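This briefing is meant to be read beside the sequence and the coordinates.

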Amino acid sequence: MKDAGPRAASYDTVVIGAGLAGLTAALRLAEEGQRVAVLAKGVGATHLAPATIDVLGYVDGPVDSPAQALPEFTAANPEHPYRRLPVELVRAGLDWFKARLEEHGYRGGLDENFLVPTAVGVAKPTALVPETMAAGDLRKGGRFVFVGLRGLKDFFPAYLADNLARAALPGDASVTTRIVELGPPLGDARDVSTAGFARRFEQAEFRESVAGELGRRLMPGEIVGFPAVLGLRHAREVWQELETRLRHPVFEVPTLPPSVPGIRVFETMTAALRRQGARLVVGSTVAGAESSGDRLEGVVTETAGRPLTYRARSFVLATGGFASGGLELDSTGKIRETVFDLPVAGIPGPKRPLFETDYFDEHAISRAGVAIDEKMRPVNGKNGAVYENLHAVGASLGGAVPWREASGNGLSLASGYAAASAILEGQQ
């Protein structure tokens, strides 16, 4: 019997990657009536990162207002992706995100950063926080108590509280910290994951036990910080009930991965995609591409059977950077983009080392990535777009150092939003 060859499916846009950048582009396009497919090896960085949206947290120190800092920052860093993302577009992306994730109650905006504690007690600037984290804003100081849960090994309240008590805060703000260790009922389990605790917090009996034990140990005026495990599907209800029972402000603090708030974001956005009729294929690796001249015609995925080709008018590359396999560094020191073998910008010269001596130095390799034009299309130096219908977003972009700038989720959101805008404008 003659082999029928690769199977094919057709869409308006195919998005490769299911992190925040890819999901943002896909959902915005699907809302506008496009037939969208999202192809991803896994669930993306949402399951690892906090659910805060950090637009720009540090430029020679903490940033108070991303809106005010961005113009000067991009002028000083012309290769940074934000140079292609006007401030008002970044603002529009934040507003869109807040509206689409209304059930998460995101607060904040581009004009001023919150200061919220990280898992290790650093006061981190961030533009948007879910409502379950908002009471942890440190800008006015306060008396904070952090709750430890027996059996949860991914949260270290004593370490967090000690570091936070010594953190430098703006103006006259100051904080005092202490911890309360609880022993909630875990049955026969000794070690429970963050997701396991989140499921337990959705049980009324478990919440009652926690609130009863904790309530007796709180002092007037304290703000209560829990590890970010207050439910998976019903976090708002769990958080509100704890505030009511305890009669204290309650907030969540990020834990070590996996990130329960990040999982909530992923579940909300993928559910919205499915409601819009989009197709989400997780566990799919793009192994090749078909092109004609300066246009991509399709991408080929590995499947359990024979290859499947996804054809589309537009494509979005959202595979991330080194951490997620979107970029690779081989044993010879060569850096490559792994799906389309696109040109990689920001690679240091042959006489400059890729890595510095100290771990927390800014390594030359950290700015490597795909360069883009004003339509978010990958470019080949001064020769223009590699493909006229391919757009790149998120951590695959070169020129940024998100961990140092505190810009990762903000860049992902803004670039995904911008790519969708460029696709929609180009197809009018």
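Predicted model: local features only at pLDDT ≥ 70, side-chain atom pairs only at ≥ 80, totals over all residues.

In helix α5, the buried residues are Thr 194, Ala 195, Gly 196, Phe 197, Ala 198 and Phe 201.

**Helix α5 and its cover**

- Helix α5 spans residues 194-201 and is mostly covered, with 6 of its 8 residues buried.

**Helix α1 against α8**

- Helix α1 (residues 20-31) and helix α8 (residues 260-275) have axes that come within 9 Å and cross at roughly 30°; because angles under 35 degrees count as roughly parallel, α1 is described as roughly parallel to α8.
- The crossing of these two helices, α1 and α8, is left-handed.
- On the α1 side the contact is made by Leu 20, Leu 23, Thr 24, Ala 26, Leu 27 and Ala 30, which meet Phe 266, Met 269, Thr 270, Ala 272 and Leu 273 of α8.
- Sorted by class, the contact of α1 with α8 contains 9 nonpolar and 2 polar residues, and no charged ones.

**Helix α1 against α10**

- Helix α10 covers residues 408-426, and α1 packs with α10 at an angle of about 30°, their axes being 7 Å apart.
- Here α1 passes α10 in a right-handed crossing, whereas the crossing of α1 and α8 is left-handed.
- From α1, the residues Leu 20, Ala 21, Thr 24, Ala 25, Arg 28 and Leu 29 take part, and among their partners in α10 are Asn 409, Leu 413, Tyr 417, Ala 420, Ile 423 and Leu 424.
- The contact of α1 with α10 is made up of 9 nonpolar, 6 polar and 1 charged residues.

**Helix α1 against α3**

- The axes of α1 and helix α3 (residues 87-100) come within 12 Å and cross at roughly 80°; since angles of 65 to 115 degrees count as roughly perpendicular, α1 is described as roughly perpendicular to α3.
- Leu 20, Thr 24, Leu 27, Arg 28 and Glu 31 of α1 meet Trp 96, Phe 97 and Arg 100 of α3.
- By class, the residues in the contact of α1 with α3 divide into 4 nonpolar, 1 polar and 3 charged.

**Two glycines**

- Gly 171 is found in the loop that runs between α4 (157-165) and β8 (175-182), and Gly 171 counts as exposed because its relative accessibility is 73%, where exposed means over 50%.
- Although Gly 171 and Gly 141 are 30 residues apart along the chain, their C-alpha atoms are separated by 9.9 Å.
- Gly 212 belongs to helix α6 (residues 204-215), and at 29% relative accessibility Gly 212 counts as partly exposed.
- The C-alpha atom of Gly 212 is separated by 8.4 Å from that of Leu 246, a residue 34 positions away along the chain.

**Domain layout**

- The domain assignment of the chain gives domain 1, made of 7-99 and 264-427, and domain 2, made of 137-248.
- Taken over C-alpha atoms, the centres of domain 1 and domain 2 are separated by 34 Å.

Methods: Residues numbered from 1 in each chain as written. Heavy atoms only, no water. Domains from an automatic or database assignment. Axes fitted to C-alpha atoms, helices over the stretch in contact; angles between N-to-C directions. Helix = DSSP H or I, 4+ residues; strand = E, 2+ residues; numbered from the N terminus. Parallel < 35°, antiparallel > 145°, perpendicular 65-115°, else oblique. Left-handed = near helix turned anticlockwise from the far one by under 90°. Contact = heavy atoms within 4.5 Å. Nonpolar A, V, L, I, M, F, W, Y, C, P; charged D, E, K, R; others polar. Buried < 20%, exposed > 50% of the residue type's maximum accessible area, 1.4 Å probe, protein only.
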